[in-house]
Amino acid sequence: MGITRRQFLKWSGVSAVGAVAFNGCLIPEQELQIESPVFLPEDLVNGIDNWYATLCRMDPEGCGIIIRVVEGRAKKVEGNPDYPINQGKHHARSEAGLQALYHPDRISEPLAREGDAHVPISWDEARRRIVDRMAGMSDRSKFLLVTQPLRGHQALLASEFVKAYGGRSMAYETLEQVTLRRSILEVFGQERLPVFDIQACKYLLSFGADFLSTWVSPVKYSRGYGELRQGSSRRGLHVQVDPRFSMTAANADEWVPVKPGGEGVLAMSMAYVIMRDGLGDQAAADALTGGGGHEALSAFSPDSQQVRDATGVEAGRIKELAHAFADPRNRPVMAIGGGSAGAHTSGLFNLRAIYSLNVLVGSVNTPGGIQFNPPPPLPELSTTDVMAMGVPASYREWKEMDRPQVLMIRGVNPVHGLPADANFRAAVEGAEFVVAFSSFMDETTAMADLVLPEHTYLEDWGDDVPDPGPGYQVIGFQQPVVSPFHAGTRGFADELMALGRALGLDLDSRLGLANVTDPTMEDLLKSGAEKLWEVDRGSVRASSFDGFWNGVLQRGGWWDTGTVDNSGIRNISPLDTAWPDISISDAPGGRAFNLVPFVSNSIGDGHLAHLPWLQATPDPITTIVWHTWVEMNTRTAEEMGLSKGDMVVVTAEGNRTVEAPVYPHPAVPPDTVSMPIGQGHTAFGQYAEGVGVNTLSLLAGLTDSSTGALAWAATRVRVVKSNLSIDIPRFEGNQFAEEADEQAIIKITKPE
């Protein structure tokens, strides 16, 4: 029997009321639009579309988006023009959020392991099993919660849950940004990632950071890059130092191919030239060298053969870069570093040297340079414990992790993403009870004793404190834009609060919700929003809290452009003047190549490999889809008798092996091969399983000597031709990259 009109109106009125998005500062008179349910009574089909503001959760950037909803169905994703991070722009990954919502492989009810299979159980039974296990633990420190890096009120909730119970938590990120965060802390004294003011910059020097594609906040940086190129009468200049011809390198005015691991030596050599030639700030130079000046950096002279061997860059080219970077006519200038530059045994050394270049030329807390972000507007969101929920654990911490007795995992897949040396699979197998909150059956979820299906972000409540922010205080709000597609899914935050009550953790009081009966994540968000309303400042103001609440939902968040951080550098940290330890693993015989893995522009680190729209999104350099490939220098491939599509066996130390097709490309350095990560799933649904290979399985497991971060760009491999060849699926057809005749190229002059 179908739902009646009266039942529908009663149900939707209490459970699926959302604030319609609007573009402006005033709250419209008609603020609410009731949504329709998943299964529609025919008399309610009206063809009217509504747009709802929320946050994208397809990647850590957390863009503001608006969703077109027609008859209760989400139809289209667009960027929210009001939201400060992306200002109306969005990524292809945001579009695929609709596929995650309506995916045929979504887990629709709780599952419990019976032998080698999972069988459906009720939510009441699932909760009972968790409570029985956790309440009966004699040593509660053996409980471990593993999530993606969390921010905002979800981080507050998870932190309070773990502290109240007495357990531990770890945040997982496939290619963790540990060295980046540590370098920012040591160079600038800042715990939060800064603003890289690309749009106001006139000379941008980037080391390894593929910021136009996948690094940190690519939608924001791409928008700023458009301003750098076209925002004023003077076109900005961009130089990319990178061992791979990435999407960002392809857009640069100049690409400087550097030997993997040599980025820091190159930055130190530039600093030596700037100091020697008196081009930088003398006080900063003294502070960076302890008063020693350029002589303290004499080991990094560009004329040194050791520098040439480490970087692969000629002395004259290094001097040109140094002079251009320090030239007052090019200001404002900025140097940024990340990605593969921080993914070596000398990763922290590299990034500290790169970011110190900004100190040397006075590009800190100035327009077009490095700018600092203020703390979140709510004090409870900026405590040490809450901020720690957003910082990923290092690879060393995963290797040295105490084996948990009860393991709870939410939204991450370390079994697929961590190298075998971390032994995370063994930790899961050794745990007495494993609970996984997940919408899809990936490799880690498949090993769980209990699987709890989550709402997707389009069905759930949440918020976000962007990191990096835009230079002022921001809280983005995520509201459910449709009713849950499956009746058997629940929100992770709501379930964590319910478990806290069942375990007697007094979690409601710790969160300031003691006066609310059975509070939910929506109640926690409203509690935080009420504090924002009381300060009476920022982008949304109202005479009543109800008006304020609807206003922040309609705009997608709250921000105050007047709250900037002008603190400056607290203490200039001296450079490490000792020669760095640049270690790269050995390859087992044959011709060796430096392996440079890179994050896919579409499926990211692999957490989106289950979405066919993204599998079919072409790589921006090769246009390849639905595959893993090996980028190799064209002439090197010819020497080895390899043509496009020939299969090769790629072997790393320890006989870790994968097989993938070759894609010859003239812009690949001769001693380097590059491979995308994210494919090679043995679970994760029909669109991910059996597609490509897992590049991460080749990694040697070396770490940065200072931070313990995974040195994922420090693996050397051997490449051997096999007897197979395939047609690589790609959009470019029969035309592929080749070297151009220099005589036929019309060169342009550098911008004045």
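I looked up the pairing of strand 3 (residues 49-55) with strand 4 and found seven bridges, with the two strands antiparallel. Strands here are DSSP runs of E of at least two residues, helices are runs of H or I of at least four, and both are numbered from the N terminus. I count two strands as paired if DSSP finds at least two bridges between them. Across this pairing, tyrosine 52 stands opposite isoleucine 67 of strand 4.

This is a predicted model, in which local features need pLDDT of at least 70, side-chain atom pairs count only at pLDDT 80 or more, and totals for chains, interfaces and linings use all residues. Residues are numbered from 1 along each chain as its sequence is written, and side-chain values use heavy atoms, with hydrogens and water left out.

Strand 4 is also joined to strand 5 (residues 73-79), by six bridges and again antiparallel. Isoleucine 65 faces glycine 79 of strand 5. I noted two residues between the strands of this hairpin, where glutamate 71 has a positive phi near 55 degrees.

I then checked burial (buried is under 20% relative accessible area, exposed over 50%, partly exposed in between; 1.4 Å probe, protein chains only). Six of the seven residues of strand 4 (residues 64-70) are buried, so the rest of the structure largely encloses the strand.

**Cysteines**

I searched for disulfides, taken as pairs of cysteine sulfur atoms within 2.5 Å. The count is zero. For cysteine 63, the nearest cysteine sulfur belongs to cysteine 56, 6.3 Å away. Cysteine 63 is buried at 2% relative accessible area, and cysteine 201 is buried at 0%.

**Helix 9**

Just after the helix, glycine 278 has a positive phi of about 65 degrees.

**Sheet 19-20-21**

I found an open, antiparallel sheet of three strands in the order 19-20-21. Strand 19 (462-464) and strand 21 (557-560) are the edges, each pairing on one side only. Strand 20 (residues 473-478) pairs with strand 21 over four bridges, and valine 474 has tryptophan 559 as its bridge partner. Helix 21 (residues 545-555) packs on the sheet, touching strand 20 and strand 21, and its direction makes about 90 degrees with that of strand 21. Contact means heavy atoms within 4.5 Å; axes are lines fitted to C-alpha atoms, for helices over the stretch in contact, with angles from 0 to 180 degrees between N-to-C directions.
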